[in-house]
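Dear colleague,

Please find below the structure that I am handing over to you.

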Amino acid sequence: MKRPLDRYASKRSFAKTPEPGPQLPTTRGGPLLFVVQKHAARRLHYDFRLELDGVLKSWAVPKGPSLMASDKRMAVEVEDHPFDYGSFEGVIPSRQYGAGNVIVWDCGIYSPDEDRQYSFNDRIEAQQRVREGLTAGKLSFFLRGEKLKGSFALVRTRADKQWLLLKHKDRFADSNDLLARSRSVLSGATLDDISPAVDAARLQAASLVPTGPAESMPPKLSPMLAESGEQPRSSPEWLYEPKLDGYRVIAFVQGTTVRLQSRRGIDLTSAFPEITQELAQQADSQMVIDGEIVALGSGGRPSFNALQNRVQLKARAEIDNARREAPVVLLCFDLLHFGGINLRNASYTDRRRYLTQCLLPSAHLQLVHAATDAAPLYAAATAMGFEGIVAKRRNSTYQPGKRSNAWVKFKRTQTTEFVVGGYTRGKGEREPLGALLLGAWNDGKLQYVGHVGSGLTVDVIDDIGERAKGLARKRSPFSGKVELHRPTHWLEPKLVVEVTFAERTPDGLLRAPVFMRLRDDVDPEEITAGTSTACAVSGQSSSRAASEQPSSEIDRVVSQLKNTATKVELSVGGARIRLTNLDRVYWPAQARGQPAITKRDLITYLARVSSYMLPHLKDRPLTMIRMPEGIDGERFFQKHWDQAMPEFVETVELFSDHKDEKHRYILANNLPTLLWLGQNGTLEFHVMHSRASVGPDCINRNTDYSSSLEALKDSVLNYPDYLVFDIDPYIYSGLEPKGAEPELNTRGFAV
């Protein structure tokens with residue numbers, strides 16, 4: 001009786017080919033492996049392999065797999081391959097069977113899925129079902145790879161050894177060109193990159209899919225924490241992820257039962273039903289995922305304020321409304337358990353691969369991006385409104401509940417969390433609360449680090465006032481003497497706030513601190529002196545371009561505008577704008593139930609859309625249509641601005657051939673300018689189609705716009721960087737007065 005790999009061995013000379021020999025593996029546990037190898041033999045094809053009974057059942061697919069449900073790909077059954085072949089990448093020498101280059105195009109786990117019944121967590125049952133399906137000539141199965149996900153089928157035809165590989169119609173069916181993703185999922189190499197030397201570093205096939213000691217589903221796990229760093233430098237020993245601005249959670253998934261545990265061990269399951277529902281659709285899996293819930297605010301950027309408001313909601317109707325106003329996403333970055341296997345002792349590289357395979361992404365469930373180069377990721381992350389980046393050592397294990405130097409965080413500014421030990425009274429509108437007294441634990445004692453009043457809005461003050469009611473105490477919780485200049489109320493150190501600051505003084509006090517937000521997700525006992533401060537990437541400024549306004553700044557503006565006073569001193573970054581007549585109606589109420597729109601509404605809208613407007617307006621001389629009394633009042637067309645203006649407003653002087661004069665034009669280059677223009681009743685923003693700045697593709701670099709008409713014509717402002725086509729598909733009815741424009745005609749749009 002032939003052994004299962006005799007046919008494989010008979011075709012090869014293992015003294016000449018680097019392919020693995022015909023050995024059967026020792027006993028294996030865990031889910032079954034699938035592999036797709038791209039093979040440039042005499043004809044390019046893809047080898048599709050399924051693990052079964054210690055070998056890889058194999059089919060040659062000439063056209064490669066497809067995610068299109070309408071495609072039927074021929075799959076020719078070939079000899080069984082050894083399990084170790086699953087990780088083979090290399091060059092099969094000429095004159096050897098199958099000579100040519102081979103890469104692992106995709107790999108992952110699979111389970112039979114007939115009637116949507118899965119066996120990812122039961123290896124014995126899975127193999128029995130696969131045997132029965134192959135014997136019957138029809139096997140339906142579910143793939144969880146990096147490129148291939150979803151339900152497929154192998155169907156035997158009447159021709160000997162010929163099958164069809166089909167994609168079932170499910171949410172993973174796609175019409176994109178899947179084969180354009182041509183790189184190996186292991187080495188990142190293409191077929192042309194492969195050389196005979198790569199086989200020396202070949203992974204064990206068993207490590208391609210989740211493997212490790214068996215364990216019961218852990219009932220609770222504390223997340224691993226990162227230490228702080230100052231100057232990230234790219235290294236092949238590390239990978240880099242964006243540092244997210246949200247709530248850290250551990251997600252426990254057992255089939256359709258899901259639990260979301262916060263960093264402090266609080267159950268957040270009911271607060272995020274959309275995430276819970278999609279985790280319950282992970283193909284009957286048993287898994288533990290580490291990730292962060294992020295709320296998307298203005299411009300699709302992360303908004304911690306929106307997330308914090310969302311967590312406090314209890315009523316189902318309120319949560320449903322918040323799901324529309326502030327959509328959330330669980331960004332997943334680690335897999336700690338899968339199918340009865342403890343993965344926490346696996347390397348970060350392996351865990352990352354297992355997560356990429358096993359996670360079935362959806363609208364509210366996504367894999368976080370990872371990169372090999374620190375600086376570009378840092379720039380992109382901060383531009384998107386994230387806090388910075390986290391570096392993770394490739395060979396590091398997961399250490400629950402520990403702060404480890406295997407993970408290092410780099411924030412865009414010096415930012416940290418502090419415990420609130422009390423507050424002082426203020427003056428005027430701020431009389432109830434002027435400043436928070438901050439501290440951090442040091443050898444069991446609360447060390448005073450300073451006070452913060454900047455950044456506290458009316459809403460935040462009201463929120464803190466409510467939280468402080470049950471925390472009052474008679475004496476200071478701080479270990480040393482605190483210098484006080486206002487009446488003070490002491491609090492139990494239970495509240496945690498996040499603060500940015502310029503630096504620390506020699507005696508450890510914060511210089512120029514600004515309140516950012518409350519942190520319900522951080523345990524006050526974790527706040528220790530000297531931890532959690534970080535700097536920007538070396539060589540990069542922590543400040544941003546005006547068009548990269550952080551969502552936290554937008555949220556603070558919107559929060560301040562909720563003040564019902566008609567006059568507000570608006571704080572925007574380092575600028576202050578005096579807003580007046582905020583209740584003035586700019587657009588009257590409409591008969592169809594549309595309420596009146598006020599100046600407050602306009603300025604709030606400008607803040608919320610600033611992430612889209614500012615990149616368009618930046619460096620373009622601005623012409624305004626102002627209606628300070630609203631659309632029913634007087635209307636001004638204004639090109640030049642000769643009045644006084646705030647320091648934050650940037651301008652440019654342009655030559656005018658009318659009287660040989662030069663005039664000053666406004667450049668809306670930052671958020672304060674945009675909001676100031678709203679205060680001045682600017683309802684239409686018209687800009688030149690060219691920029692008063694030198695771009696990389698400029699024909700010339702002349703920026704003399706004001707000395708003469710010739711200089712202006714020769715400057716970069718005379719070279720637009722985009723065109724506008726004004727298309728009016730209207731049709732003349734013949735009834736218009738002579739010279740009049742045609743009226744709206746829907747038939748014109750149909751044409």
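**Nonpolar cores**

Leaving aside residues up to four places away in sequence, L279 is in contact (heavy atoms within 4.5 Å) with A251, V253, G255, V258, L260, I289, L330 and L365. The model is a predicted one, in which local features need pLDDT of at least 70, side-chain atom pairs count only at pLDDT 80 or more, and totals for chains, interfaces and linings use all residues. Residues are numbered from 1 along each chain as its sequence is written, and side-chain values use heavy atoms, without hydrogens and water.

L279 also belongs to the largest nonpolar core, which has 56 residues; L260, F272, L279, I293, L330 and L335 touch the most other members. Such a core is a set of buried Ala, Val, Leu, Ile, Met, Phe, Trp, Tyr and Cys residues joined through side-chain atoms within 4.5 Å, where buried means under 20% relative accessible area with a 1.4 Å probe, protein chains only. Strand 15 (residues 328-338) supplies the largest share of this core, five residues; strands are DSSP runs of E with at least two residues, and helices runs of H or I with at least four, numbered from the N terminus. A second, separate core has 38 residues, including V557, L570, I666 and L671.

**Helix 12**

Helix 12 (residues 671-679) is largely enclosed by the rest of the structure, because nine of its nine residues are buried. Among them are L671, W676 and Q679. After helix 12 comes G681, with a positive phi near 75°.

Yours sincerely

Note on methods. Buried means under 20% relative accessible area, exposed over 50%, partly exposed in between (1.4 Å probe, protein chains only).
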